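Me: I've got a model here that I'd like to go through with you. Have a look first, then I'll start asking.

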Amino acid sequence: LLVTASCSTQDLAMVLSSPLKQRRPAKNVKKTQDKKRSLLNKKAVIKVNRQDCGLPHWTLLKDMDANGALFNRDFLDLRGRFTRKGFKIIAKEEDDLLEWAAAGGCLDDWQDKKEFRDMSIANVDVLPVSIDPGLIATVVALSLIGCCPLTSCTGGIGHWSSHPVIGFYCPMKLWPRVRQAAVVTGVSIIGKCLDGDKGMVAHHRDDWRPLHAFGRALIAGPKKRLALARA
């Protein structure tokens, strides 16, 4: 487990894993579609400064590749590994996996199940790191556009975070694109020193699905992101 000079694991855990707010039970049970829409329409909170943007020094990334980073012992810099065509395949496979899970399938050791073991998302040559289903395509999308995901978690019981999070590095030139994708999907982003002087964390307090949509919005063109913002 790597902890860099100005990055306290305990401090990061407090920020990323603070307890979810307790809510009163709703009087009426809403349909799943309405719930998804309300989650995506939730206003994003963006607290990122200029100094939060940028990539760490290559020597630090090399050290992380060898020793792991923060909560991710299997960290690997995935930039340059994926294409847009590859992203579409991975996103479709992940959606199939999630649909199967929603129908009652168990995600424990899903890579070894007959339905998925031949998919690219279960192939270590394609996806050499373990990512929670729901955030797979989002981590790939961040890597594809030039950001560097550091750690991710869908949150909940059995996870290191109580709610969905992705910690990543974002070059300044990509920040407008990342910010717009976050705003249109209701994903909050805060600046957080992941390597001593830069980094940020995308999160949602209630559900992993907005982060799932965030990845798709990153790959969508500017016009489509603007259309989502006006929806």
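Me: Which residues in helix 5 meet helix 7?
Reply: From helix 5 they are Ala137, Thr138, Ala141, Leu142, Leu144 and Ile145, and they meet Leu211, His212, Phe214, Gly215, Arg216, Leu218 and Ile219 in helix 7. Contact here is heavy atoms within 4.5 Å. Helices (H or I, at least four residues) and strands (E, at least two) are DSSP runs, numbered from the N terminus.

Me: What classes do the residues of that contact divide into?
Reply: Nine are nonpolar, three polar and one charged. The classes go like this: Ala, Val, Leu, Ile, Met, Phe, Trp, Tyr, Cys and Pro are nonpolar, Asp, Glu, Lys and Arg are charged, and the others, Gly among them, are polar.

Me: Before I go on, what am I looking at?
Reply: This is a predicted model: local features need pLDDT of at least 70, side-chain atom pairs count only at pLDDT 80 or more, and totals for chains, interfaces and linings use all residues. Residues are numbered from 1 along each chain as its sequence is written, and side-chain values use heavy atoms, with hydrogens and water left out.

Me: OK, so what is the mean pLDDT of the protein chain?
Reply: It's 79, with 74% of the residues reaching 70 or more. pLDDT is the predictor's confidence in each residue, from 0 to 100.

Me: And where is confidence lowest and where highest?
Reply: Helix 1 (residues 9-16) is lowest, with a mean of 46, and helix 5 (residues 136-145) is highest, at 97. Over residues 1-36 pLDDT stays under 50, and the model has 55 contacts beyond four places in sequence for that stretch.

Me: Back to helix 5 and helix 7 then. At what angle do their axes cross?
Reply: Roughly 30°, and the axes come within 8 Å; helix 7 is residues 209-219. Axes are lines fitted to C-alpha atoms, for helices over the stretch in contact, and angles run from 0 to 180 degrees between N-to-C directions. That's why helix 5 and helix 7 are roughly parallel, where under 35 degrees is roughly parallel, over 145 roughly antiparallel, 65 to 115 roughly perpendicular and the rest oblique.

Me: And helix 4 with helix 5, at what angle do those axes cross?
Reply: Helix 4 (residues 84-102) and helix 5 cross at roughly 170°, with axes that come within 9 Å. So helix 4 is roughly antiparallel to helix 5. Arg84, Phe87, Ile90, Ala91 and Glu94 of helix 4 make the contact with Ile136, Ala137, Val140, Ala141 and Leu144 of helix 5. By class that contact has eight nonpolar, two charged and no polar residues.

Me: How many residues of helix 5 are buried?
Reply: Nine of 10, so mostly covered. Buried means under 20% relative accessible area, exposed over 50%, partly exposed in between (1.4 Å probe, protein chains only). The buried residues of helix 5 pack against helix 4, strand 2 (148-153), strand 3 (165-169), helix 6 (175-185) and helix 7.

Me: What about helix 7, how many are buried there?
Reply: Nine of its 11 residues, including Pro210, Ala213, Phe214 and Ala217.

Me: And what happens just after helix 5?
Reply: Glycine 146 takes a positive phi of about 120° there. Aspartate 109, which isn't a glycine, also has a positive phi, near 55°. Aspartate 109 sits in the loop between helix 4 and helix 5 and is exposed, with a relative accessible area of 56%.

Me: New topic: proline 164. Buried or exposed?
Reply: Proline 164 is buried, at a relative accessible area of 4%, in the loop between strand 2 and strand 3. Its C-alpha atom is separated by 5.3 Å from that of tryptophan 208, 44 residues apart along the chain. Leaving aside neighbours within four places in sequence, proline 164 is in contact with several residues, among them Cys153, His203, Trp208 and Leu211.

Me: Last one, how many helices and strands in the protein chain?
Reply: Eight helices and five strands, running α-α-β-α-α-α-β-β-α-β-β-α-α from the N terminus on. Of the 231 residues, 47% count as buried. Among contacts between residues at least 6 apart in sequence, 71% join residues at least 24 apart.
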